[in-house]
Protein chains: 4
Amino acid sequence: LPGARYVAVIGASQPSARDEETAEEVGRRLAQAGAYVVCGGRGGVMAAVCRGAQAAGGTTIGLLPGTGRDDANQWVTIAVPTGMGELRNGLVVRAGDAVIAVGGAYGTLSEIALALQAGKPVLGLNTWDIDGVQRQPDPAAAVARALELIGRDRT
Amino acid sequence: LPGARYVAVIGASQPSARDEETAEEVGRRLAQAGAYVVCGGRGGVMAAVCRGAQAAGGTTIGLLPGTGRDDANQWVTIAVPTGMGELRNGLVVRAGDAVIAVGGAYGTLSEIALALQAGKPVLGLNTWDIDGVQRQPDPAAAVARALELIGRDRT
Amino acid sequence: LPGARYVAVIGASQPSARDEETAEEVGRRLAQAGAYVVCGGRGGVMAAVCRGAQAAGGTTIGLLPGTGRDDANQWVTIAVPTGMGELRNGLVVRAGDAVIAVGGAYGTLSEIALALQAGKPVLGLNTWDIDGVQRQPDPAAAVARALELIGRDRT
Amino acid sequence: LPGARYVAVIGASQPSARDEETAEEVGRRLAQAGAYVVCGGRGGVMAAVCRGAQAAGGTTIGLLPGTGRDDANQWVTIAVPTGMGELRNGLVVRAGDAVIAVGGAYGTLSEIALALQAGKPVLGLNTWDIDGVQRQPDPAAAVARALELIGRDRT
């Protein structure tokens with residue numbers, strides 16, 4: 001919808017308990033603010049952010065690596081199978097107006113790099129220490145900053 | 001969401017008035033049945049099907065060719081920029097459990113062919129006469145048949 | 001190399017004996033003319049055109065659906081795994097300045113449609129009868145016409 | 001061809017003079033060893049590695065972001081337009097059996113991350129200091145190590 005805000009949330013499929021809690025709170029806060037959550041649609045941080053968003057009545061979009069929807073986590077509202085494998089990382093970044101990274105391994109690093117290359121804001125919570133990533137103290141700050149930066153881009 | 005049904009609706013960006021009406025009714029009926037509409041997100045048949053779905057309270061997903069959301073029609077609920085140009089035709093097909101084709105030019109033909117190659121049901125309304133396309137008399141029949149075939153695939 | 005000509009040759013993975021012979025001659029003639037052969041890199045028409053081209057000292061480029069090179073036929077000079085499954089059909093079309101279709105099933109039809117949508121010349125040998133496809137009597141005519149049209153595009 | 005080795009060489013489009021020299025030597029040495037050079041096909045490190053490889057009689061493959069071949073550097077032997085924009089970074093990585101990174105900005109970082117995620121060896125020359133990248137003292141060492149690791153994977 002015109003005016004809708006899309007925030008890509010990225011992170012590991014096998015996160016620490018702490019990163020999982022963080023992701024869940026990020027999802028909840030994005031949903032409360034009325035923003036869409038975009039993610040890779042699978043487990044770990046992806047499942048946690050979707051769970052948090054759905055609990056708060058939000059909408060989550062999962063761009064899946066395979067050609068079927070079976071591997072989507074159960075909190076994905078809209079499951080889009082791409083059949084592009086890990087190339088779908090780039091689609092997740094393209095679909096977000098801003099990116100929040102929570103922890104993460106090499107897949108997350110590739111998404112951070114693609115987002116920075118595209119000039120999109122990247123907010124970091126306990127993630128890769130790459131020049132250009134804006135480190136945030138907590139989920140509340142990360143969500144507020146992401147939405148502020150998206151708003152600024154539009155004015 | 002588990003159990004959600006996704007129907008890709010494809011057709012020309014510059015359709016006849018009749019194809020546009022057809023697409024709008026297809027969108028309305030899909031929304032009334034609670035199915036998601038997947039499409040290329042732009043004008044013509046894509047705009048008409050989204051308009052019809054949204055008027056009936058439905059959700060529409062537009063997979064866009066460019067890297068921005070600006071070229072989405074205003075009735076797209078979830079706009080996903082792919083930056084893949086016409087290769088996104090293949091993503092539209094992948095994201096649908098069944099395909100309804102309304103009129104259409106070469107882009108539509110490529111989607112019909114990809115859907116048939118993938119073994120997905122293709123319901124046709126005034127579209128390319130390709131072996132494998134199941135011609136339908138009207139939007140009501142096309143929507144009913146699409147949902148029936150999706151249901152059958154799942155049992 | 002500047003000035004190089006790329007011809008995409010498309011067709012079924014399980015062709016008739018006649019289509020296979022046709023494809024082999026197309027490959028041979030393209031190689032003799034110094035043009036590159038682009039294809040999907042696998043079996044059937046794809047293997048035949050590569051075999052013909054390689055026998056005449058030509059270069060063949062196979063854009064593969066999987067992430068490995070193992071499924072390339074043995075006459076592919078340059079094997080490019082895409083990991084995009086059947087979406088790589090669109091890459092084959094993009095990589096050709098003109099397209100020669102030999103027989104073929106739904107995958108071939110999707111490539112014909114994408115090529116016509118992109119405004120590329122499509123020369124047909126015993127293939128889908130789609131408006132816009134230029135039917136050719138034999139491989140010699142198809143190759144000559146493809147190279148003529150590429151030359152004309154450049155002037 | 002069966003047994004062919006493909007090395008992806010990645011780096012900035014606006015490199016330092018030193019990185020450019022490094023890339024040119026990498027290209028020359030890969031060509032001398034009979035390996036194919038895969039790259040993004042454009043300027044900077046991509047042009048330098050192609051220039052070096054071509055001077056030594058090698059073959060270079062450029063996977064381009066746009067839909068045309070015009071933006072390929074003049075030392076690309078095989079130019080493959082993908083029309084996928086920066087998503088083609090992932091295709092460059094997929095097409096290499098090993099990756100040599102020379103300097104580089106965010107695009108290079110995304111390729112390093114995708115390669116490490118895919119379990120491919122990444123040899124670094126004055127590039128991002130990411131865990132998993134094997135730093136090399138000079139082009140000779142990087143090329144020798146890349147080819148050794150590819151050979152080991154095959155045995």
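This report describes a helix pair, a chain interface and a loop residue in a predicted model.

## Basis

Local features require pLDDT of at least 70 and side-chain atom pairs count only at pLDDT 80 or more, whereas totals for chains, interfaces and linings use all residues. Residues are numbered from 1 along each chain as its sequence is written, chains are lettered from A in the order in which they are written, and side-chain values use heavy atoms, without hydrogens or water.

## Helix pair in chain A

In chain A, helix H3 (residues 88-95) packs against helix H4 (residues 106-117) at an angle of about 45°, their axes lying 9 Å apart. Helices are DSSP runs of H or I with at least four residues, and strands are runs of E with at least two. Axes are lines fitted to C-alpha atoms over the stretch in contact, with angles from 0 to 180 degrees between N-to-C directions.

## Interface of chains A and B

Chain A and chain B each contribute 25 residues to their contact (heavy atoms within 4.5 Å). About 1,900 Å² is buried between them, 59% of it on carbon and sulfur atoms; buried area is the accessible area (1.4 Å probe) lost by two parts on being put together, summed over both. On the chain A side, A:Arg69, A:Ile78 and A:Arg94 lose the most area to chain B, together 29% of what that side buries.

There are 2 salt bridges between the chains, defined by a side-chain nitrogen of Lys or Arg within 4 Å of a carboxyl oxygen of Asp or Glu. A salt bridge joins the side chains of A:Asp97 and B:Arg69 (2.4 Å, N to O).

## Loop residue B:Ala72

B:Ala72 lies in the chain B loop between strand S3 (60-64) and strand S4 (78-81). Beyond residues up to four places away in sequence, B:Ala72 touches B:Gly41, B:Leu64 and B:Ala79.
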